[in-house]
Amino acid sequence: SEPLPADYPWTVKVVNSREINAFAFPGGYIYVNRGAIEAADDEAQLAGVIAHETGHVVMRHGTHQASEMMLAQAPLSILGSLLGKSSSLGSQLAELGISFGVNSIFLRNSRSAESQADEVGTYILYHAGYNPYAMAQFFQIIRNKYPRQTIQFFSDHPNPGNRIRNVDEEIPLLGPKRDGKEDSPEFETIKSKLQAMPPPPKTAH
């Protein structure tokens, strides 16, 4: 398989939010909520979340709908300094002239886009040496374990249908079967530190 494009200044930041969610902006900016890190059972599942969001960027989901004027008004490089504040993400971005409502062009993806991001994310996990099943496992676990906390996640990331089966069918096509990394002491240490921190600020919706 051909390697994934590496022509983005990839930036991954953690948002101090209790919501189990993650999202990506065009150009290689990925944000993972604290709640998603705390919900992940192991490092591979967190890697799966990031790989999935990477898939959205690589496949340029949303980019074709974003005007150059919008991006010029709110350079993505300044968003990281805004995301940790107590007001909601939506209100912060609204101040910059970006509307992230029900019809958000970045935060809400189509089922076909989700399928593509699943496929690319699985590819990334496999070649990064992680358990390639971890991404789909995370989606399944949070749906069952945190049904109320993941309403927004599955609104932004609609289930394309047969997600687990599709991933299971994709993995054998990636190469020889091998045991992928699942967890690490570093991940468990970071997760413990997060859980010991004060709770995230409540956000206005």
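A: Begin with the scale for burial: a residue is buried under 20% relative accessible area, exposed over 50%, and partly exposed in between. Keep in mind that this is a predicted model. E38, for example, has 23% relative accessibility, so E38 counts as partly exposed.

Q: How much of the protein chain counts as buried?
A: Of its 205 residues, 45% count as buried. The accessible surface of the chain is about 10800 Å², and carbon and sulfur atoms hold 54% of that area.

Q: What secondary structure does the protein chain have?
A: There are 9 helices and 3 strands. In sequence order the pattern is β-β-β-α-α-α-α-α-α-α-α-α.

Q: What share of the contacts joins residues 24 or more positions apart?
A: Among contacts in the protein chain with a separation of 6 or more, the share is 69%.

Q: How should I read a salt bridge?
A: Side chains of opposite charge can pair when their charged atoms come close. The cut-off used here is a side-chain nitrogen of Lys or Arg within 4 Å of a carboxyl oxygen of Asp or Glu. By that rule the structure holds 5 salt bridges.

Q: Which residue meets E38 in a salt bridge?
A: The partner of E38 is R34, with 3.1 Å from N to O. Both belong to helix α1 (residues 34-39), and because they are 4 residues apart, about one helical turn separates them. R34 counts as buried because its relative accessibility is 3%, whereas E38 is partly exposed at 23%.

Q: Where else does a helix carry a pair 4 residues apart?
A: Helix α8 does: E169 and R165 are 4 residues apart there, so about one helical turn lies between them. Their side chains form a salt bridge at 3.9 Å, N to O. R165 is partly exposed, with a relative accessible area of 47%.

Q: Which residue forms a salt bridge with E43?
A: That residue is K181, and the closest N and O atoms of the pair are 3.2 Å apart. As for cover, E43 counts as buried at 13% relative accessibility, while K181 is partly exposed at 37%.

Q: What about charged residues outside such pairs: which ones gather in a patch of negative charge?
A: A patch is built from residues with over 30% relative accessible area and no salt bridge. Here D41, D179, E182, D183 and E188 form a patch of negative charge on the surface.

Q: Is D179 buried or exposed?
A: D179 counts as exposed because its relative accessibility is 80%. This residue sits in the loop between α8 (163-170) and α9 (185-196).

How values were computed. Residues are numbered from 1 along each chain as its sequence is written. This is a predicted model: local features need pLDDT of at least 70, side-chain atom pairs count only at pLDDT 80 or more; totals for chains, interfaces and linings use all residues. Side-chain values use heavy atoms; hydrogens and water are left out. Patches are made of residues with over 30% relative accessible area and no salt bridge: like charges are joined within 9 Å, nonpolar side chains (Val, Leu, Ile, Met, Phe, Trp, Tyr) within 5 Å. Accessible areas come from the Shrake-Rupley method with a 1.4 Å probe; for residues, only the protein chains shown count as cover. Lys and Arg count as positive and Asp and Glu as negative; His and the chain ends are not counted. The place of a charge is taken as NZ of Lys, CZ of Arg, CG of Asp or CD of Glu. Helices (H or I, at least four residues) and strands (E, at least two) are DSSP runs, numbered from the N terminus. Buried means under 20% relative accessible area, exposed over 50%, partly exposed in between (1.4 Å probe, protein chains only). Contact means heavy atoms within 4.5 Å.
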